[in-house]
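I opened my notebook and went through one structure step by step. These are my entries.

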Amino acid sequence: MKNIICDIDGVLMHDNKLVPGSDKFIARILEQGNPLVVLTNNPAQTGKDLQNRLAAAGMPEIPEACFYTSAMATAHFLKHQNGNNNAKAYVIGEGALIHELYNAGFTITDINPDFVIVGETRTYHWDMIRKAAAFIAKGARFIATNPDTHGPSYSPGCGALCAPIEVICGRQPFYVGKPSPLIIRSALNHMGAHSENTVIIGDNMRTDILAGFQSGLETILVLTGVTRREDIELQPFRPNHIFECAQDIDIL
């Protein structure tokens, strides 16, 4: 039985509506008992938030422990980078990211932080940019939850929020989220799985499929999101399998 890492947006959901048939796919996976991680680059919601979001749209109830976000992966990465020291972080992001960093032992502050950590937020403003750039110029390490430039309806993503900070201080962030293999390894650790028996299901060749390819996972592309069939030829790598939608996946 294969372990499954499954993206949310473009595979299971479009905004807050189910992709047709995705509920039947998840019901089958839960009934079969495949180990499952529902993975998202979005750091702005907790596992409970995501569980409620999908359930409200009509998805069968997925256990909260199955959800894994770039905020969780960022906290996990930094905790292991920092050892047992009580490091300080200046955070641009929502409560879900701050919650994960608190749980990892970080002090959230704007006084001489060791790290500047950026995730999606709707409260981005001039003073955040100024402080972040100044802290990084003085030696704080620049970490970002994911490189996505935008979300649905062109809402600014983490990569877009990092851009002005990069320009000012001349430093690029380390991105934890897809397509980095780091978030895949972190998700595998979360589910206690190994890459050789795990598949990743995604809708984006440049994030989901590239992350899976670089991590040694079997890859499944569905055509209900970002990547269209004609886009596949534009990339130097290929998914192992292509399906029109998650409901059509018949190899699990």
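First, a term I need: two residues are in contact when heavy atoms of theirs lie within 4.5 Å. I also note that the model is predicted.

**Entry 1: Lys2**

I looked up what Lys2 touches beyond its neighbours within four places in sequence. The list holds Asn34, Pro35, Asn197, Val199, Glu218, Ile251 and Leu252. I then placed Lys2 in the segment before strand S1, which covers 3-7.

**Entry 2: Ser22**

Next I turned to Ser22. I found Ser22 in helix H1, residues 22-32. Its relative accessible area is 1%, so Ser22 is buried. Setting aside neighbours within four places in sequence, I listed its contacts: Val11, Leu12 and Met59.

**Entry 3: aromatic rings**

How many aromatic pairs does the structure hold? I read off 4. I took up the pair of Tyr90 and Phe135: the ring centres are 5.4 Å apart and the planes stand at 70°, so the pair is edge-to-face. The cut-off for that label is an angle over 60 degrees. Tyr90 sits in strand S6 (residues 88-92) and Phe135 in helix H5 (residues 126-137), so this pair ties together parts 45 residues apart in sequence. I looked at burial too, and both Tyr90 and Phe135 are buried.

**Entry 4: the whole chain**

I stepped back to the chain. I counted 8 helices and 13 strands. The radius of gyration is 18 Å, close to the 18 Å that the globule rule gives for 252 residues, so the chain is as compact as a globular protein of that length. Along its principal axes, the C-alpha trace spans about 55 × 35 × 35 Å. I noted that 52% of the 252 residues count as buried.

I looked up contacts between residues at least 6 apart in sequence. Of these, 67% join residues at least 24 apart.

**Entry 5: surface and charge**

Last, I checked the charges. The chain has 20 positive and 26 negative side chains. The centres of the two sets lie 6 Å apart.

Conventions. Residues are numbered from 1 along each chain as its sequence is written. This is a predicted model: local features need pLDDT of at least 70, side-chain atom pairs count only at pLDDT 80 or more; totals for chains, interfaces and linings use all residues. Side-chain values use heavy atoms; hydrogens and water are left out. Rings of Phe, Tyr and Trp (its six-membered ring) pair if their centres lie within 6.5 Å; planes under 30 degrees apart count as stacked, over 60 as edge-to-face and the rest as tilted. Helices (H or I, at least four residues) and strands (E, at least two) are DSSP runs, numbered from the N terminus. Buried means under 20% relative accessible area, exposed over 50%, partly exposed in between (1.4 Å probe, protein chains only). The radius of gyration is taken over C-alpha atoms; the globule rule is 2.2 Å times the number of residues to the power 0.38. Lys and Arg count as positive and Asp and Glu as negative; His and the chain ends are not counted. The place of a charge is taken as NZ of Lys, CZ of Arg, CG of Asp or CD of Glu.
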